[in-house]
Amino acid sequence: MKKLKTTTKIDFATYAGVTLAFLLVYALQQGGSLTNAMKSWLVPICSFIVMAVSLNLVVGISGELSLGHAGFMSVGAFSGIVTAMSLTNAIPSGPVRLLLAILVGAVFAAVTGVIVGVPVLRLRGDYLAIVTLAFGQIIKDLINCLIVGYDSHGLHIIFNLDGLRSVSDLHMEETGVAIIKGAQGAVGVPKLSSFFAGYLLVMVALVIVLNLVRSRTGRAIMAIRDNRIAAESVGINVTKYRLIAFVTSAALAGAAGALFGLNYGGLLSSRFDFNTSILVLVYVVLGGLGNIWGSVIAATVLYILPEALRGFQDYRMLLYAVVLILVMLATNNEQLKALLGRLIPKRKGAKSNG
Amino acid sequence: MVFFSYLFSGISLGSVYAIIALGYTMVYGIAKMLNFAHGDIIMVGGYICYCSMSYLGLPVLLSVLLSMAVCTVLGVVIEGLAYKPLRQASSLAVLITAIGVSYFLQNAAQLIWGVTPKIFTSVASFPMPGDLNSLGLSSEAVVTIASCLIIMVALTLFVNKTKMGKAMRACSEDKGAAQLMGINVNKTISLTFAIGSALAAVAGVLLCSNYNTLIPTTGSMPGIKAFTAAVFGGIGSIPGAFLGGLLLGIIESMAKAYISTQLANAIVFAVLIVVLLVKPTGLLGKAVPEKV
């Protein structure tokens with residue numbers, strides 16, 4: 001049998017690790033050893049793993065700093081919620097509606113990704129970062145103005161530009177259901193998401209991202225990251241490949257958003273603000289840029305950390321901040337790196353990734 | 001004359017953004033880092049001034065000076081503890097550290113002063129002549145605009161005429177070469193942080209005087225807006241930060257008045273995007289040709 005490449009081995013180990021972790025947690029859940037608080041973490045952890053993996057595609061693999069990733073999550077969440085709620089009568093089965101919601105969320109986020117990506121990817125470095133930040137804020141504000149309802153005639157959508165309109169301006173029938181109430185966000189959302197669905201989404205995201213990275217397209221994207229001019233000179237279409245990475249990432253973030261949105265009874269658009277984008281960026285940087293399994297682990301650990309620190313009550317976010325700063329200082333400390341390098345002998349032929 | 005009232009409030013808001021943006025842009029120009037904790041220094045400045053006026057009963061001018069002094073020390077300490085060890089690290093690592101510092105300041109403020117809003121008595125409240133008052137020009141606006149102009153002129157003179165200013169310009173151009181010429185780069189960076197933080201304290205006091213409330217997250221949104229203003233004007237450029245801040249304030253005020261209160265922020269950011277697409281380095285930013 002042909003020997004597997006190292007990267008292939010790492011990919012399979014990632015799939016196996018995620019599956020094992022899922023089975024373990026699932027067994028614990030069935031065995032009743034998880035508290036209710038812990039159970040409520042499961043779906044958000046899955047969503048944030050997908051968010052981190054997808055952002056890693058942009059920040060780590062494609063090398064663009066994006067500060068507006070929560071915007072795509074928001075688009076996915078609200079379009080997913082509208083899909084799931086408006087199809088309540090047409091499709092009674094919950095899992096099917098969840099699947100449709102995730103797909104619609106991904107498609108809407110991908111379209112937004114194209115709209116944002118085409119102008120944004122002309123810019124570079126910190127300018128690109130600030131424009132993605134700006135788009136994130138714009139998306140949040142626009143969704144904040146949205147009022148959506150559903151009755152037998154279909155969807156009713158109005159745009160609350162002056163802040164004076166409410167659900168009654170939709171002129172729905174008596175039986176109509178309000179889905180998004182402007183600044184009050186989405187209300188009465190059915191909880192369709194489950195841990196199993198979250199696990200499946202994580203696996204799909206991993207398969208998509210890892211296969212993209214190892215493909216010809218992925219190599220082109222990384223070549224552009226490492227040296228744009230050299231990549232261009234060997235005939236790589238820079239805009240096309242950067243856009244592929246950006247839109248794929250947006251679509252996955254949308255899917256994660258739909259999963260996240262359908263896990264709660266209600267959802268505010270301010271849930272997906274600048275801080276959420278930053279949170280996901282922290283997962284990606286601490287997990288390691290371009291390191292997909294690192295993102296998975298970092299998202300899980302860093303989601304649980306503030307929750308686990310609840311015992312410290314008011315001090316928990318302070319502790320979180322201190323841990324964050326200390327980890328950044330420690331991982332970038334030359335002496336510590338040299339010490340670790342001596343303790344862990346490098347394998348022959350292993351690439352150093354300093 | 002409603003238009004003038006909106007214009008004045010826009011210029012006043014823009015002046016606050018400009019003062020914050022000056023701090024952002026100087027730090028960016030010299031340390032090449034996005035200091036996301038800058039907005040929270042504003043908040044600390046506001047709280048220090050509040051405490052010194054309400055608890056210590058110090059006069060206004062002394063309170064402002066005290067808050068500037070505390071923020072200067074805070075800025076230098078943050079730089080020394082959190083950013084200095086990361087001089088050689090990737091810019092992303094520094095960015096995340098800055099975010100950590102921002103969380104730290106916000107949560108520390110929440111522990112010390114609580115989440116309930118503090119009512120900030122304006123430091124710049126005096127009776128205005130009647131005809132100016134009818135135009136909607138408040139005393140706070142006058143003081144804010146005047147402070148901004150003074151700071152702008154002083155800073156330009158400092159950077160262009162003094163030896164320290166020359167050192168700062170040299171460091172922002174090429175740190176290695178500056179060091180070879182005998183400039184103490186670390187000291188220069190600390191000085192930049194000190195000036196930026198002192199300006200943030202002034203901005204905090206003025207901001208709180210205009211809005212009268214103070215919470216631990218007071219600085220976040222103005223921080224992001226000022227960052228936008230700095231990029232808008234061309235990050236790293238001092239006149240650019242001034243122009244960007246002013247324009248951003250006016251656009252925000254006009255958008256609130258004539259288009260939509262809900263979408264005012266979105267409109268500000270949309271204008272930024274359009275400007276960057278037409279002029280990718282901001283209004284007054286220098287385009288640096290790419291070396292191959």
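## Where helix 3 of chain B packs

Which helices do the buried residues of helix 3 of chain B pack against? In this predicted model, the partners come from both chains: helix 12 of chain A, along with helix 2 (38-54), helix 4 (91-113) and helix 9 (185-211) of chain B.

The residues of helix 3 of chain B that count as buried are Ser63(B), Val64(B), Ser67(B), Cys71(B), Gly75(B), Ile78(B), Glu79(B), Ala82(B) and Tyr83(B). As for its geometry, helix 3 of chain B covers residues 60-83, 24 residues in all. From first C-alpha to last it reaches 33 Å, close to the 34 Å you'd expect at 1.5 Å a residue.

## The A/B interface

Now for the contact between the chains. Chain A puts in 47 residues and chain B puts in 44 residues. Together they bury about 3,900 Å², with 79% of that on carbon and sulfur atoms. On the chain A side, Tyr127(A), Ile130(A) and Leu318(A) supply 15% of the area that chain A buries against chain B, more than any other three residues.

## Who's on the chain A side

Four helices of chain A each give two or more residues to the side that touches chain B: helix 5 (125-144), helix 8 (228-233), helix 10 (274-287) and helix 12 (316-331). Helix 5 of chain A has the largest share, with twelve residues. Sorted by type, the chain A residues that touch chain B come out as 34 nonpolar, six polar and seven charged.

## A look at Ser86(A)

Over in chain A, Ser86(A) sits in helix 3 (residues 69-86). Is Ser86(A) buried or exposed? Its relative accessible area is 10%, so Ser86(A) falls under the 20% cut-off and counts as buried.

The side chain of Ser86(A) has backbone oxygens to pair with. A polar atom of that side chain lies 2.7 Å from the backbone oxygen of Val82(A), and the backbone oxygen of Thr83(A) lies 3.3 Å from a polar atom of the side chain of Ser86(A). Leaving aside neighbours within four places in sequence, Ser86(A) is in contact with Tyr150(A), Leu155(A) and Ile179(A).

Terms used
Residues numbered from 1 in each chain as written. Chains lettered and ligands numbered in written order. Predicted model: local features only at pLDDT ≥ 70, side-chain atom pairs only at ≥ 80, totals over all residues. Heavy atoms only, no water. Contact = heavy atoms within 4.5 Å. Buried area = accessible area lost by both parts, 1.4 Å probe. Nonpolar A, V, L, I, M, F, W, Y, C, P; charged D, E, K, R; others polar. Buried < 20%, exposed > 50% of the residue type's maximum accessible area, 1.4 Å probe, protein only. Polar contact = N/O pair within 3.5 Å; in protein donor to acceptor, adjacent residues only side chain to side chain. Expected span 1.5 Å × (residues − 1).
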